[in-house]
Amino acid sequence: MKLSVFCGVSVDGFLARPDHTFDFLDTPGQGPHGFDEFWSSVDAVLIGRRTFNAARSFAGPWAYGKKPVFVLTHRQPDFSSLRGAVVEAIAGEPRAVADQLEERGFQHIYVDGGQTIQQFLAAGLIDRMIVTRVPVLIGEGISLFGPIPRDIALRHIATQTFQGGLVQSEYAIGGKPSKPARKTVATRKRQTARSTREN
Ligand SMILES: NC(=O)c1ccc[n+]([C@@H]2O[C@H](COP(=O)([O-])OP(=O)(O)OC[C@H]3O[C@@H](n4cnc5c(N)ncnc54)[C@H](OP(=O)(O)O)[C@@H]3O)[C@@H](O)[C@H]2O)c1
């Protein structure tokens, strides 16, 4: 089973404002940027309870259609008002949750929500990450990334730009980092420090 992340962030790395709104993701002139293709490749969604609350508050039809949605929560939410939605609560350590979903036959899970993504990344369970940076700085909010117990190597697959200044990078996780084509940042820093000392 594969677990993937597909999300949008401000250039300073936020998924949402502190009050959980994300109006800043809709910058003018945006075109499609691959979400529909990604969506059709997943057979279930795993979201944190706060992402679920945000999705539930949207006006209009249930955002996830008929796709099975697993809501990570230690509570017992009432899903009865979500008519037609396929929603279930789930809890536990990331590995145990992933094992449960795999046992149920799912093959590709869309993992979403800040804390949720961070936990699954830290547990080494995310296979692929597609992050679209929207050209805005918002200064504070809910971060996509957070503390991790050790470095996580990413293998760069592709970076594309889309209308409206969106920059989308796709990474596979756990592979060897791609070799830098030019001087590394560390090399440049050492050279700058040396030339500063010499001046
Ligand atoms: N920009 C984007 O593409 C994007 C994508 C997704 C989300 N968002 C935004 O990000 C915000 C949500 O992110 P977030 O970091 O605040 O929270 P989150 O990951 O959506 O939800 C966190 C909650 O999930 C539950 N949880 C997490 N791990 C668990 C586990 N292992 N077992 C059981 N329950 C677990 C806990 O809920 P309980 O307290 O109920 O136990 C926890 O408080 C929302 O504003 C959302 O709209 C933006």
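This is a predicted model: local features need pLDDT of at least 70, side-chain atom pairs count only at pLDDT 80 or more; totals for chains, interfaces and linings use all residues.
The strands form an open sheet of eight, arranged in the order E5-E4-E3-E6-E1-E7-E10-E9 and with mixed pairing. E5 and strand E9 (154-162) stand at the edges with a single partner strand each, so one side of each has no neighbour in the sheet. From one strand to the next, the twist averages 20°. Within the sheet, E1 and strand E7 (residues 128-134) run parallel and are joined by seven bridges. Ser10 has Val134 of E7 as its bridge partner.

Helix H2 lies across E3, E4 and E6, and runs at about 105° to E3. Helix H3 spans residues 94-103, and its residues Pro94, Val97, Ala98 and Leu101 are buried. Seen down the axis of H3, the buried residues fall within an arc of 95°, so they line one face of the helix. Arg95, Ala96 and Glu103, on the other side of H3, are exposed. The cover over the buried residues of H3 includes strands E1 (2-10), E3 (44-48), E4 (69-72), E5 (87-90) and E6 (108-112), together with helix H4 (114-122). Gly105 follows H3 and has a positive phi, near 95°.

Around the ligand there are 27 residues, of which His20, Gly48, Ala54, Gly113 and Gly114 come nearest. Two or more residues of this shell are given by each of E1, strand E2 (14-16), E3, helix H2 (49-57) and H4. By residue class, the shell around the ligand comprises eleven nonpolar, twelve polar and four charged residues.

Methods. Residues are numbered from 1 along each chain as its sequence is written. A residue is buried if 20 or more other C-beta atoms lie within 10 Å of its own, exposed if 12 or fewer, and partly exposed in between; C-beta atoms are placed from the backbone. Helices (H or I, at least four residues) and strands (E, at least two) are DSSP runs, numbered from the N terminus. The arc is that of the directions from the helix axis to the C-beta atoms. Two residues are in contact if their C-beta atoms, placed from the backbone, lie within 7 Å. A residue is near a molecule or strand if its C-beta atom, placed from the backbone, lies within 6 Å of it. Ala, Val, Leu, Ile, Met, Phe, Trp, Tyr, Cys and Pro count as nonpolar, Asp, Glu, Lys and Arg as charged, and the others, Gly among them, as polar. Two strands pair if DSSP finds at least two bridges between them. Axes are lines fitted to C-alpha atoms, for helices over the stretch in contact, and angles run from 0 to 180 degrees between N-to-C directions.
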